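Open the model in your viewer and get ready to select a few residues.

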Amino acid sequence: MNRTTLSLIAGTAALAAVTGFATLNQPDPAGQDTVRAAAELPVERTSLLCPSPSTSDLAETSYTSFTPVTKGTAATGTAELTAAAGNAAAPTDTASGKTGDKAGDKAGDKAGGKTGDKASGKKKAAKPVVAPKTPGAPAVGVTTGGDAPALLGTAEGKFAPGWTVQETTEVVAGSGRGLQGLTCTAPDTEFWFPGASTSADRTDYVHLTNPDDSAAVVDVELYGKGGALASTVGEDITVPPHSSEPILLSTLTPEKQEDLTVHVNVRSGRLGAAVQALDAKLGGDWLASSAEPAATQVIPGIPKDATAVRLVAYAPGDADADLKVQLASTSGLITPAGHETLHVKAGMTTSVDLGDVTRGEAGSLILTPTDRPTPVVVAVRVLRGKGDKQESAFIPAAGPVGARASAADNTAKTASLSLTAPKGTAKVKVTASAGSGGGTPVSQTYTVKAGATLEVRPPVPAGLKGTFALTVEPLTATPVYAARTLTVAQEGVSGFTVQTLPDDRGTVAVPQVDEDIAVLQR
């Protein structure tokens, strides 16, 4: 093996640890195995993007930043959220009490920031907000009103592995009133959102956030019950550097459709994307991206008191999909009467009302192919309450927890955790972190029966002050899916939001090199 090969291996290992994405396929001309099984190392850098939370003057938004404790990390590091370009007030860091002057300390103008030194032409850097002091304890920032900016986040060193940020907004009245929650997203190049709408009662925005130094170019495609909706304004959308653009879906098409699938396809650069769904009668919430198209999908965390569940599916390929619909109830897998299967035509959005499918028990939907495996994306809209006291939330299909996943912004009274193991019995360790204002972490182990859903009130840190984070770690090889629900009472209406917990990608596989590689180099 020559020096060039060694440099390639070393460079790939470094890239993998920093980004979490790197592979190496190098032939060995000598026929010797110089690269051993990959080692799992903590990532060294992570990016997250939080969209602007609300335009309502009645909104109150909290941002909670959390990194679980990870062995083998660097001794130092940072995790910072800064405001995207635009004239908006920064949140207050409740740990430090610092804030930008909400009347005038702006994150920067739309070109990318205020000019600081006019003589030198230098731009004033955006002030970091919500910066945690140590892994294992959350940091919280709060802002009020409708001018809160999108936030761009970067974590490095000891704060990078498993870093998560929760954006939670409470709106007491008006369109979209209720509790809106979102786990801030990592930048990517493709997103699917089944469950969006352009109906008369809905005001849905897709928020596109660009973390990079160059502009991103993106296509936003809409698919309804008859296929693709004609639109030219959804093509070649430019998102400037370090900025965020909310796009009203009804401006992309004149058609009014109750159920749509939104496809965000980034052709240049990378973005964070999320759909904000605001309903004039049923409140509002964020619709996070569905798991990648796959033949089998799992939607965890449907509340036991759901009064209506609407399933929305889309098949992005050229083939129709026929799906078996099952509910993982608290006792095991059951088939909803009258909804045993679902046929999804290729390129078309299909929806079905499942009613109160959980019937007083927490559950998760398991969708599997009845015949030929065909990739689909899916999500559900969940209603709680009755009459004019209804509230809505969205749950997309999720990937498994994998090695570990975390959810921030929990309190003893507002949080519940749902766990499901479709393929076999699983043991899961759940750790409640120290509180944002103090407290001692506590862990508890749960057993999830095969094909069942277990809903629990999570453990609460001893001496809790503030909010805490939950970290879920499977102890067995069986895949586990998880979701966290937050609930608040608002004038007789039970506002709620549900976030899934896919793998936090806190580690990355890095090739190991044999100790005698120096000999091979010669």
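How do the residues of the lining of the second largest cavity divide into nonpolar, polar and charged? They divide into four nonpolar, three polar and three charged (Ala, Val, Leu, Ile, Met, Phe, Trp, Tyr, Cys and Pro count as nonpolar, Asp, Glu, Lys and Arg as charged, and the others, Gly among them, as polar).

This is a predicted model, where local features need pLDDT of at least 70, side-chain atom pairs count only at pLDDT 80 or more, and totals for chains, interfaces and linings use all residues. Residues are numbered from 1 along each chain as its sequence is written, and side-chain values use heavy atoms, with hydrogens and water left out.

**Stop one: the second largest cavity**

Select R202, A277, L278, D279, L282, G283, G284, R381, S392 and F394, which line this cavity (a cavity is a set of points on a 1 Å grid over the protein atoms alone where a 1.4 Å probe fits but cannot get out; lining residues have an atom within 4 Å of a point). Strand 19 gives the most to this lining, with three residues.

**Stop two: the largest cavity**

Now select strand 28 (377–384). Strand 28 supplies the largest share of the lining of the largest cavity, three residues. The lining also includes E258 and D259.

**Stop three: a ring and a charge**

Select R384 and F496: the charged end of R384 sits over the ring of F496, 4.7 Å from its centre (CZ of Arg must be within 6 Å of the ring centre and within 35 degrees of the ring normal).

Finally, select F191 and F193, both buried (under 20% relative accessible area, with a 1.4 Å probe and protein chains only).

Conventions: Buried means under 20% relative accessible area, exposed over 50%, partly exposed in between (1.4 Å probe, protein chains only). On a 1 Å grid over the protein atoms alone, a cavity is a set of points where a 1.4 Å probe fits but cannot get out, and a pocket is an open set with protein on both sides within 12 Å along at least five of seven lines; lining residues have an atom within 4 Å of a point. Helices (H or I, at least four residues) and strands (E, at least two) are DSSP runs, numbered from the N terminus.
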